[in-house]
Amino acid sequence: MRFLLVIREAGLPGTASTDPLKSLPLADPETFLKTSGYQVFASCQEPQIRKRIKEVDAAVLDMPLEGMQRWGNTLLKWKPLPLLWWCSPETASSSLEACETEVPVDGLLSPSMTASELHWALHFSARHFFERQTWQNERAQLVSRLEERKWIDMAKSILCDVNKVSEAEAYDMLRKRAMNERKRMVDVATSVVKAHQQLKF
């Protein structure tokens, strides 16, 4: 990970110049990441971010958790990438009521980290992201297979009832028709179920 997107929510509490943390040179994520050797693109404008999203390796969100949920969902629609939370005193104190919020966070960064801690945080965040992506893909495939199984079982039940055949024979009927029409079995099953539902009216 070398090129990072930083999104800072406007009007974050405690970001006025009177904040003692802002007098520190590494108190904001842009400076912190650049000083640690990373390329940084910082913006909070959706059109700008959408144009550059393909170039970035990860996104660092400097905002309370409530804003992270919206931004996380938006970014993941454009490009799957690791999402990290810039956990500063301001963002942490602004998020106390949202600690149970479901947010797609792969890692945390904080102003107190050293360069080597930052490196490892990004490394483990990338690994967590890829594991999460793999799990989500596997879950989606499983849900899809269960949905297909449901349609096939409903079609078999209809064919058993209408044609007075066994479940095995109904399954063979579906399989042969799918082969003859060069369709997926679930598509044939779905058409059988929908046709049967229309005939019942």
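Is Val-105 buried, exposed or partly exposed? I looked it up and found a relative accessibility of 24%, so Val-105 counts as partly exposed. I used these limits: buried is under 20% relative accessible area, exposed is over 50%, and partly exposed is in between, with a 1.4 Å probe and protein chains only.

**Ground rules.** I am working on a predicted model, in which local features need pLDDT of at least 70, side-chain atom pairs count only at pLDDT 80 or more, and totals for chains, interfaces and linings use all residues. Residues are numbered from 1 along each chain as its sequence is written, and side-chain values use heavy atoms, with hydrogens and water left out.

**Val-105.** I placed Val-105 in the loop between helix H4 (89–93) and strand S5 (107–109). Helices (H or I, at least four residues) and strands (E, at least two) are DSSP runs, numbered from the N terminus. Leaving aside neighbours within four places in sequence, I found Val-105 in contact (heavy atoms within 4.5 Å) with Met-68, Leu-83, Trp-85 and His-128. Pro-82 is 23 residues away along the chain, and its C-alpha atom is 7.7 Å from that of Val-105.

**Helix H3.** I listed the buried residues of H3, and Met-68 is among them, as are Trp-71 and Leu-75. The buried residues of H3 pack against strand S1 (3–8), helix H2 (46–52), strand S3 (58–62) and strand S4 (83–86).

**Arg-132.** I found Arg-132 in helix H5. Arg-132 has a relative accessible area of 14% and is therefore buried. Beyond its neighbours within four places in sequence, Arg-132 touches Leu-76, Pro-104 and Asp-106.

**H5 and H6.** I checked how helix H5 (residues 115–163) meets helix H6 (residues 167–181): their axes come within 9 Å and cross at roughly 115 degrees. Axes are lines fitted to C-alpha atoms, for helices over the stretch in contact, and angles run from 0 to 180 degrees between N-to-C directions. H5 and H6 are therefore roughly perpendicular to each other (65 to 115 degrees). The residues in this contact include Arg-149, Ile-152 and Leu-159 in H5, and Tyr-171 and Leu-174 in H6.

**H6 and H7.** I then followed H6 to helix H7 (residues 185–199), where the axes come within 8 Å and cross at roughly 110 degrees. H6 and H7 are therefore also roughly perpendicular to each other. The contact includes Tyr-171, Leu-174 and Ala-178 of H6, and Met-185 and Val-188 of H7.

Conventions. Parallel < 35°, antiparallel > 145°, perpendicular 65-115°, else oblique.
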